[in-house]
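Dear colleague,

Please find below the structure that I am handing over to you, followed by a summary of what was found in it.

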Amino acid sequence: MLAAVAVNLRSAASRAFSKSLPNSTFSLSPLRSRFSIRAMADSAGPFKKVQIQRDDTAFDAYIVGKEDAPGIVVLQEWWGVDFEIKNHAVKISELAPGFKALIPDLYRGKVGLDVAEAQHLMDGLDWQGAVKDIQASVNWLKANGSKKVGVTGFCMGGALSIASSVLVPEVDAVVAFYGVPSSELADPAQAKAPIQAHFGELDSFVGFSDVTAAKSLEEKLKASGVPYEVHLYPGNAHAFMNRSEDGVKRRKGMGMPDEDEAAVQLAWSRFQSWMTRHLSA
């Protein structure tokens, strides 16, 4: 029974992406070598690597920020723990009044270097296991100096961050970027932690992060009774927060040429206000 549920969760997420991706996105081979080198180069940086135990398994996590600051679990896109999610974690750690960001490695060291690989990795993700990784990460932060802990995520991680508000009682606040969990994983109407969500108005991932998904999420959050905000960004497509040089090139290779620095800064400002408000001790 559990195996069947896990398969359903994987197929639901996969359908949302594969139906919406233009055919051209499955050929990013010219960028492969650069991303491989960049991912390895970024493996150290300002991060401290720890290992977190849960049940009968352990996973690596990467931490950056002030030791006793409020904690934020930062969840990867479907690519894995690559340069872009680490950029986001560093940015979060530098926002006033200061946060301690932790990235759990949900793929156990694997990184998708093109769309086909990322699709394969996400298809193989144990989503219920990922929720357990999130819970273990939240508890690790609370046991290591953070009085309150939020969860944020992007794309696949955005969907998981909303799921954590439903399924992980220790979560104190959530900010989700362009991703909504499947009904098989979690019903946002049952959310228990405050949720802020961000979506690009031009997002084409139908049922996962398009405008219809965003409006459906808003209705469910209204029913949940928790504090919530849902923001739409005109002229922006999926993954609009990815602003590194390589991230911009990757988005353009996937048919998303929009660049809107003002929208990115507005979203970070809203993120900062939300997490500060709900994570203050």
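For what follows, an axis is a line fitted to C-alpha atoms, for helices over the stretch in contact, and angles run from 0 to 180 degrees between N-to-C directions. Please bear in mind that this is a predicted model.

Helices H3 and H9

Helix H3 spans residues 83-94 and helix H9 residues 261-279; their axes come within 11 Å and cross at roughly 55°. Angles of 65 to 115 degrees count as roughly perpendicular and those under 35 as roughly parallel, and H3 and H9 are therefore oblique to each other. Their crossing is right-handed. On the H3 side, the residues that meet H9 are His 88, Lys 91 and Ile 92, and their counterparts in H9 are Gln 265, Trp 268 and Phe 271. By class, this contact of H3 with H9 comprises three nonpolar residues, two polar and one charged.

Helices H5 and H6

The crossing of H5 with H6 is right-handed. H5 contributes Trp 127, Ala 130, Val 131 and Ile 134 to the contact, while H6 contributes Met 156, Ala 159, Leu 160, Ser 164 and Leu 167. Eight of the residues in the contact of H5 with H6 are nonpolar and one is polar, with no charged residue.

Backbone details

Two loops deserve a note. Cys 155 is located in the loop between strand E5 (149-154) and H6. Although Cys 155 is not a glycine, its phi is positive, near 60°.

How many cavities of 30 Å³ or more does the structure hold? There is one. The largest cavity contains about 80 Å³ of space. Its lining consists of 13 residues, and those nearest the centre of the cavity are Trp 78, Trp 79, His 238, Ala 239 and Met 254. Classified by type, the lining of the largest cavity has eight nonpolar residues, two polar and three charged.

Yours sincerely

Technical notes: Residues numbered from 1 in each chain as written. Predicted model: local features only at pLDDT ≥ 70, side-chain atom pairs only at ≥ 80, totals over all residues. Heavy atoms only, no water. Helix = DSSP H or I, 4+ residues; strand = E, 2+ residues; numbered from the N terminus. Parallel < 35°, antiparallel > 145°, perpendicular 65-115°, else oblique. Left-handed = near helix turned anticlockwise from the far one by under 90°. Contact = heavy atoms within 4.5 Å. Nonpolar A, V, L, I, M, F, W, Y, C, P; charged D, E, K, R; others polar. 1 Å grid on protein atoms, 1.4 Å probe; cavity = no way out; pocket = protein on both sides within 12 Å on 5 of 7 lines; lining within 4 Å. Points joined across faces, edges and corners; volume = space filled by probe spheres on them.
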